[in-house]
Amino acid sequence: MNNSSQVRVRFAPSPTGHLHVGNARTALFNWLFARQAGGVMVLRIEDTDVERSEARFEGQLLDDLKWMGLDWDEGPDVGGPYGPYRQSDRLAMYHEQAERLLREGNAYLCFCSQEELERDRAEKLANQLPPVYSGNCRALDPAEAQQRRASGEAAAIRLRIPEHPIRFHDIVHGAVEFSNEVVSDPIILRSTGIPVYNYVVVVDDALMKITHVIRGDDHLSNTPKQVALYEALGWPVPQFAHLSTILGSDRERLSKRHGATSIANFREMGVLPEALMNYLALLGWAPSGGTREIFTPEELKKEFSLQRVTPSPAVFDMEKLYWLNRHYIKQSPPERIEKLAEPYFVRAGLLPAKPDERIRKWFEKIVALLVPSVDRLEQLPERAALIFQYDAAAAANSPENADVWAAPKTNEVLEEFAQLAGSDAAPLTPERFKTIMNEVKTMTGAKGKELFHPVRVALTGSHSGPEFDKLIPILEEGSLLELPRHVMSVRQRLDRLLTKSKADPSSD
RNA sequence: GGCGCUAUCGUCUAGGGGUUAGGACGGAAGAUUCUCAAUCUUCAAACCCGGGUUCGAUUCCCGGUAGCGCUACCA
């Protein structure tokens with residue numbers, strides 16, 4: 001089953017918080033590559049940093065990943081043949097391999113104190129030399145060193161970096177070469193017995209039979225150490241693919257300073273997972289030809305190619321993500337969007353926590369009305385203000401509407417409209433509205449803007465908004481529903497406005 | 001300081017020794033609509049700089065510059 005040609009990739013986050021977009025993209029590229037190759041995706045939790053790791057973050061991480069639409073074949077939650085999948089459960093393996101390196105002479109015990117090392121480093125830096133380890137303990141007699149350690153002297157374990165340049169091939173960057181002169185003999189096991197990241201990764205990746213290491217390019221400079229480690233351990237070196245960094249608009253590394261950066265943030269904003277996936281895929285990758293932008297997850301699995309990943313860093317562009325999101329929102333079945341949008345309205349106090357069937361039916365119309373004008377679901381309640389909130393004073397006095405009130409036919413149009421619409425007992429229908437408007441038109445001679453604008457301002461308080469055909473039924477039906485905040489009917493709005501202008505003579 | 005990576009419109013990118021350097025987001029203008037949004041059409045907008053190789057470089061090589069990363073008993 002597990003023949004040597006089987007692709008195995010891994011995503012290895014630290015549980016230090018919510019999944020960040022940079023890591024999400026790394027996870028995505030791993031996933032796409034694995035799924036396309038019919039390979040295996042491994043999820044490994046890098047929790048050796050006890051200070052920053054928290055168990056509850058692991059659950060968040062998995063949720064974020066699942067929400068994006070990613071899945072994995074082996075991991076802490078699903079198990080697998082190469083477990084355990086949490087580094088904190090693998091400590092024995094790290095010790096075992098470190099002792100083996102020691103025995104075989106590829107690593108050595110180092111007794112240098114931190115102060116010594118720091119002094120040495122500062123000196124080298126001052127002399128403009130690469131700050132590599134002095135090698136003081138490199139030539140120590142192994143037997144003697146073992147004895148010192150046995151007698152209780154604090155000792156770290158260092159890897160012996162070979163005396164030749166270290167070369168490796170990177171799928172994204174091509175041939176990479178580092179001179180051994182600048183690669184320090186790295187500590188792999190601290191004197192406290194806690195292994196170091198660069199060592200742990202290699203042991204895990206090798207033992208988990210990872211064939212392709214796809215990760216952020218902040219690890220590129222660490223790769224020679226890791227290659228040396230693979231070689232010292234006698235294990236095959238995997239293929240590497242180092243992905244460029246995602247930057248903020250100021251070309252600095254994307255951080256919280258730049259606004260939303262965690263997957264959870266985007267989810268809360270009402271970004272659809274497929275929009276985020278599509279956008280992230282386009283950061284650093286483009287299809288052959290480079291003219292297509294829209295890719296569903298299934299299409300990405302088919303089209304994606306690591307060979308086409310760009311090595312240069314990419315600036316995260318919210319606007320383009322929003323554009324994609326708008327596309328996917330419009331593409332989605334309305335029921336899905338209604339379901340996703342409902343909580344935003346409940347939270348804003350516009351809908352009851354458990355809307356009944358009538359309210360739901362009515363809410364469908366609101367969503368259909370507003371969705372085209374929105375690029376995130378979270379914007380919906382504020383767009384719905386013209387339905388849920390009616391402020392007669394603002395309608396009459398807002399400077400935005402001054403032009404409309406100043407127009408010569410406004411008062412005449414409104415009076416006619418109020419009279420006709422007010423004389424009906426039944427709720428106003430779009431058909432009746434059309435008839436009324438035609439009558440107002442003949443009686444006042446107003447048409448176009450001078451006809452519609454006064455009515456729009458009178459009913460919504462704003463001179464811009466959606467079509468009356470769709471808006472009026474929403475207002476009329478809404479006024480009959482039991483809602484946390486009463487929705488005013490057309491007539492109620494007119495009443496408000498007219499009483500208002502009577503009470504305030506300055507408004508004409 | 002040392003080492004590494006990167007460099008095409010404002011942004012994401014395609015392309016590649018000879019092209020009107022293509023697409024998308026955003027921007028501008030127009031169409032449509034009572035208005036806004038949406039939609040459609042059109043337009044503006046780029047090969048970091050300097051050397052070399054070459055008949056010819058934006059493309060290949062070298063150098064510079066800038067940005068980012070690594071340089072830890074951080075991950």
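The following questions and answers concern a predicted model of protein chain A with RNA strand B.

Visitor: How far apart are the centres of domain 1 and domain 2?
Guide: Chain A is divided into domain 1, residues 258-340, and domain 2, residues 384-507. Taken over C-alpha atoms, the separation of their centres is 41 Å.

Visitor: Which element gives the most residues to the lining of the largest pocket?
Guide: The largest pocket holds about 1,200 Å³ of space. Of its 41 lining residues, Ser14, Thr16, His20, Asn23 and Asp218 are the closest to the centre. Strand 1 (8-11), helix 1 (21-37) and strand 8 (212-216) are the elements that give two or more residues to this lining. The one that gives the most, with four residues, is helix 1.

Visitor: How many residues in the lining of the largest pocket are charged?
Guide: By class, this lining has 12 nonpolar and 18 polar residues. The number of charged residues is 11.

Visitor: What is the volume of space in the second largest pocket, and which element gives the most to its lining?
Guide: About 740 Å³ of space lies in the second largest pocket. It is lined by 35 residues, and the closest to its centre are Leu117, Tyr133, Arg158, Asp185 and Ile187. Two or more lining residues come from each of helix 4 (114-126), strand 4 (156-159), strand 7 (187-189), helix 6 (197-207) and helix 7 (223-233). The volume is therefore about 740 Å³ by the probe-sphere count, and the element that gives the most, with five residues, is helix 4.

Visitor: How many nonpolar residues are in the lining of the second largest pocket?
Guide: The lining of the second largest pocket includes seven polar and seven charged residues. Its nonpolar residues number 21.

Visitor: What share of the atoms of RNA strand B within 4 Å of the protein do sugar and phosphate account for?
Guide: There are 63 residues around RNA strand B, and Arg121, Arg190, Gly284, Arg456 and Gly465 come nearest. Of the RNA atoms that come within 4 Å of the protein, the share that belongs to sugar and phosphate is 73%.

Visitor: Which element gives the most residues to the surface near RNA strand B?
Guide: By class, this surface has 22 nonpolar, 22 polar and 19 charged residues. The element that gives the most, with five residues, is helix 11.

Visitor: Is phenylalanine 304 buried or exposed?
Guide: Phenylalanine 304 lies in the loop between helix 10 (297-303) and strand 11. Its relative accessibility is 1%, and the limit for burial is under 20%. Phenylalanine 304 therefore counts as buried.

Visitor: Why does arginine 376 count as buried, and which residue's side chain does it join in a polar contact of 3.5 Å?
Guide: Arginine 376 lies in the loop between helix 13 (357-370) and helix 14 (380-383). Arginine 376 is buried because its relative accessible area is 17%, and the cut-off is under 20%. The polar contact of 3.5 Å joins its side chain to that of aspartate 375.

Key. Residues numbered from 1 in each chain as written. Chains lettered and ligands numbered in written order. Predicted model: local features only at pLDDT ≥ 70, side-chain atom pairs only at ≥ 80, totals over all residues. Heavy atoms only, no water. Domains from an automatic or database assignment. 1 Å grid on protein atoms, 1.4 Å probe; cavity = no way out; pocket = protein on both sides within 12 Å on 5 of 7 lines; lining within 4 Å. Nonpolar A, V, L, I, M, F, W, Y, C, P; charged D, E, K, R; others polar. Near = heavy atom within 4 Å. Buried < 20%, exposed > 50% of the residue type's maximum accessible area, 1.4 Å probe, protein only. Polar contact = N/O pair within 3.5 Å; in protein donor to acceptor, adjacent residues only side chain to side chain.
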